[in-house]
Amino acid sequence: MQITEFDASDPDRIAGAFDVLTAAHAADTPENPVPVRRFFETTFTHQWPGRARRWFAAEEEGRVVGHLSVTFHLDSNPHLAQFRLHVHPDHRKRGIGSALLDQAVELSREEGRTTLNTEAPLFWEGGPVRSEAGARFLEKRGFSRALTSVNRRCAVDAIEPSEEDRMFAEALDAAGDAYELRQWIGRTPDDLVVSLCRMDTMILSEVPLGELDVEPEESDVEKIRAAEAVNEAEGLIMVDSVAVDKATGEIVAWSGIGVDEGPYTAAHQGITIVDPAHRGHRLGLLTKLANLRQLRERFPNVRTIWTDNADVNAHMIAINVALGYETVDAVGEYQRKLEA
């Protein structure tokens with residue numbers, strides 16, 4: 001077995017890495033949305049703003065049997081490295097995962113990083129069986145679980161229409177005349193992009209992070225537009241709804257869903273966030289319901305929405321349960337401090 005660094009100029013190794021990813025998904029989390037080839041391939045050609053990523057393939061007899069990606073933050077969290085590691089199910093328990101992890105640790109140290117994190121699937125009560133071998137693998141190598149996020153899915157028509165109408169009307173009534181509901185698909189409207197930066201910057205300060213050693217990241221228009229360009233290249237279509245404070249013109253609540261371009265039936269609920277100064281008006285529920293309706297209208301092929309929340313985020317979990325989300329499994333976010 002040998003480990004080789006590769007990049008966008010190596011389509012054969014990219015294809016081999018994607019094959020490993022799909023095989024690992026089928027073995028480990030088959031009920032979850034399938035990996036999307038275009039999305040995966042684009043990660044080699046389009047970097048997320050403020051990030052740098054390097055890829056490594058573990059090969060036996062010219063075949064990719066495992067792969068590793070290591071991501072570094074460039075303008076925030078300079079202490080942090082994140083990695084994702086997958087080994088083909090037919091080639092596990094032979095030291096491939098350990099060799100790739102050693103590569104991630106060595107590279108992170110070379111880059112001066114002191115915190116290394118990743119994730120592993122976990123079983124959650126009421127969900128399908130999950131092997132926690134990945135979690136045990138990490139724990140034996142000095143990682144500790146810093147946060148648990150629970151995955152849930154919801155049919156787009158989970159709520160009976162009259163009940164959905166009632167919930168939406170009550171949310172509108174709670175919001176009153178102080179807020180305007182705005183919606184869009186794809187690129188953020190020019191008159192709202194600066195305000196969206198403020199909400200984007202707020203995310204890491206407001207969502208539960210457990211023991212994760214992660215600091216808030218400042219957003220700006222350049223980053224928002226660069227991220228939108230990456231989404232477009234990946235074929236990820238963003239569906240957004242916001243509540244705007246009429247008195248200031250500022251976005252004060254935001255809910256977004258990602259839809260993969262093509263015949264995919266699963267969408268991914270991203271952030272739902274409300275400015276703390278404007279809580280108590282059901283703006284989170286209002287924007288989520290409005291976005292659900294926009295999704296159904298514009299993307300009739302989508303049948304389910306997936307989301308994840310920290311297991312301690314009781315308020316958002318309650319909203320999701322009211323919308324019909326059901327628990328599937330969980331993800332443990334693991335981190336390890338690197339000695340100099």
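Select Lys93 first, in the loop between β4 (80–87) and α3 (96–110). Keep in mind that this is a predicted model. Lys93 counts as exposed because its relative accessibility is 88%, and the cut-off for exposed is over 50%. Check the backbone here too. Phi of Lys93 is near 60°, a positive value in a residue other than glycine.

Go to Glu61, in the loop between β2 (51–60) and β3 (63–73). Is Glu61 buried or exposed? Glu61 is exposed, at 87% relative accessible area. Glu61 is not a glycine, yet its phi is positive, about 50°.

Now pick Leu74. You will find Leu74 in the loop between β3 and β4. Leu74 has a relative accessible area of 55%, so it is exposed. Show what it touches. Setting aside neighbours within four places in sequence, Leu74 is in contact with Gly50, Arg51 and Ala52. Then draw a distance from Leu74 to Ala314. The two are 240 residues apart along the chain, and their C-alpha atoms are separated by 33 Å.

Next, select Thr29. Thr29 sits in the loop between α1 (11–28) and α2 (37–42).

**Into the core**

In soluble globular proteins, nonpolar side chains tend to be buried together. Look for that here. The largest nonpolar core has 31 residues. Select Val259, Leu283, Leu289, Leu295 and Leu323, the residues with the most contacts inside this core. Then colour the elements that give two or more residues to this core: α5 (161–175), β8 (236–245), β9 (251–260), β10 (266–274), α8 (283–298) and α9 (314–322). Which element gives the largest share? That is α8, with seven residues.

Centre on Leu295. Ignore neighbours within four places in sequence. Leu295 is then in contact with Val156, Val239, Ile257, Val259, Ala267, Val302 and Ile305.

Come back to Ala267, one of the contacts of Leu295. Ala267 is in strand β10. Its relative accessibility is 0%, so Ala267 counts as buried. Again leave out neighbours within four places in sequence. Ala267 is in contact with Ile257, Gly258, Val259, Leu295, Val302, Thr304, Ile305 and Trp306. Ala267 and Phe299 are 32 residues apart in sequence and 9.6 Å apart in space, C-alpha to C-alpha.

**Helices α5 and α8**

How do they pack? Their axes are 9 Å apart and the angle is about 135°. The pair α5 and α8 are therefore oblique to each other. Their crossing is left-handed.

- In α5, select Glu164, Asp165, Met167, Phe168, Ala171, Leu172 and Ala175.
- In α8, select Leu283, Leu285, Leu286, Leu289, Ala290, Leu292, Arg293 and Arg296.

Colour them by class. This contact has 11 nonpolar, no polar and four charged residues.

Stay on α5 and select Ala174, which is found in this helix. Ala174 has a relative accessible area of 29%, so it is partly exposed. Ala174 is in contact with His281 and Arg282, leaving aside neighbours within four places in sequence. Draw a C-alpha distance from Ala174 to Leu283. They are 109 residues apart in sequence, but 8.2 Å apart in space.

**Last stop: α6 and α7**

Select helix α6 (residues 193–206) and helix α7 (residues 221–234). Their axes come within 9 Å and cross at roughly 90°. That is why α6 is roughly perpendicular to α7. Which residues meet here? From α6 come Val193, Val194, Leu196, Cys197 and Asp200, and from α7 come Val221, Ile224 and Arg225. Colour by class once again. The contact divides into six nonpolar, no polar and two charged residues.

Terms used: Residues numbered from 1 in each chain as written. Predicted model: local features only at pLDDT ≥ 70, side-chain atom pairs only at ≥ 80, totals over all residues. Heavy atoms only, no water. Core = buried A, V, L, I, M, F, W, Y, C linked by side-chain atoms within 4.5 Å. Buried < 20%, exposed > 50% of the residue type's maximum accessible area, 1.4 Å probe, protein only. Helix = DSSP H or I, 4+ residues; strand = E, 2+ residues; numbered from the N terminus. Contact = heavy atoms within 4.5 Å. Axes fitted to C-alpha atoms, helices over the stretch in contact; angles between N-to-C directions. Parallel < 35°, antiparallel > 145°, perpendicular 65-115°, else oblique. Left-handed = near helix turned anticlockwise from the far one by under 90°. Nonpolar A, V, L, I, M, F, W, Y, C, P; charged D, E, K, R; others polar.
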